[in-house]
Amino acid sequence: KILFNPFLCFFLYVISHSSSHQLFEGLKAYPGDHKRLRLFRPMLNIKHMYKEKLLECIRRLVEIDQDWVSNADLYIRPTFISTEPSLGVKKPAHALLYVIMCLLGPYFDNKTGVLALWADPPKYTRAWKGGTGDCKMGGNYGCSLSAQYEAVDYGCQQVLWLHGEDHQITEAGTMNIFLHWINEHGDEELATPPQDDIILPGVTRQKFEVTERYLTMSQLFSALKQQRVKEMFGSGTACMIRPTGRIIRER
């Protein structure tokens, strides 16, 4: 007698299609005139996955669903995972490419939209030199969840990720970080860390006159003490632009 167990069958299916390889991107469509959705800079937002046929499929999918979207923004996530019928870490011979979409509401649960960031430099590192911190891969996000929950315990919405012994400011959660300030030379400047192995690419820096430079916590604290900081904010595809109201740091 053979007993059928749906859960066991699903479990066996999952482990027999181990997704050791995965990649995803994120882009948005905004309602314009006559409520017609428009993709925002799709070639830049799906740079690592850009293929002309894929973009055409996404365009057609958005066109089909635009009546359902109404006046909201639409978040679009192309996703690529391996579906190799074996358990192991190797180059896959089979893969699945799919796209999921959802209506985009407020990303953070605080009413003001002004973020509190939590920084604990000795304890956590989001990415490292020579790694894959500049790519949207699940491994870059899964390891950040513990720190994110700890940030919430401190009353913060995001982690301010720091790197190195000099505590370089890298990102705010999954957002690029920007500092509008009067720099050490007395010049007004909009600064953001350069795009290297530990910084996710972003399109916001292409909209403004931005100085790409390394920023440290000691530079930020000195500028705050001297009242040289005009504004600090993060930007991301889903998060949009979110100002920073305070930074909490363990002493």
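Tutor: Let's start with a term: two residues are in contact when they have heavy atoms within 4.5 Å of each other. Please keep in mind that this is a predicted model, where local features need pLDDT of at least 70 and side-chain atom pairs count only at pLDDT 80 or more, while totals for chains, interfaces and linings use all residues. Residues are numbered from 1 along each chain as its sequence is written, and side-chain values use heavy atoms, with hydrogens and water left out.

Student: What makes domain 1 and domain 2 separate domains, and how many residues of each are in contact?

Tutor: The bounds come from an automatic or database domain assignment, and that assignment divides the protein chain into domain 1 (6-103) and domain 2 (115-249). Over C-alpha atoms, the two centres are 27 Å apart. Across the boundary, 14 residues of domain 1 are in contact with 14 residues of domain 2.

Student: Where does the largest pocket lie, and how do you know?

Tutor: Domain 1 and domain 2 both contribute residues to its lining, so the largest pocket lies between them. The lining holds 47 residues, and Lys136, Thr174, Gly236, Thr237 and Ala238 are the ones nearest the centre.

Student: Why is this called a pocket and not a cavity?

Tutor: Both are found on a 1 Å grid over the protein atoms alone: a cavity is a set of points where a 1.4 Å probe fits but cannot get out, whereas a pocket is an open set with protein on both sides within 12 Å along at least five of seven lines, and lining residues have an atom within 4 Å of a point. The volume is the space filled by probe spheres set on the points, which are joined across faces, edges and corners; here it comes to about 1100 Å³.

Student: What makes up the lining by class?

Tutor: There are 22 nonpolar, 17 polar and 8 charged residues. Ala, Val, Leu, Ile, Met, Phe, Trp, Tyr, Cys and Pro count as nonpolar, Asp, Glu, Lys and Arg as charged, and the others, Gly among them, as polar.

Student: Why is the pair Arg60 and Glu63 called a salt bridge?

Tutor: The definition asks for a side-chain nitrogen of Lys or Arg within 4 Å of a carboxyl oxygen of Asp or Glu. Arg60 and Glu63 have an N to O distance of 2.4 Å, so the pair qualifies. They sit 3 residues apart in helix H3 (residues 52-69), separated by about one helical turn. Helices are DSSP runs of H or I with at least four residues, strands are E runs of at least two, and both are numbered from the N terminus. Arg60 and Glu63 also belong to a salt-bridge network with Glu56 and Arg59.

Student: What makes Arg205 buried?

Tutor: Arg205 has a relative accessible area of 9%, so it is buried. Its salt-bridge partner is Glu212, at 2.9 Å, N to O; at 43%, Glu212 is partly exposed.

Key
Buried < 20%, exposed > 50% of the residue type's maximum accessible area, 1.4 Å probe, protein only.
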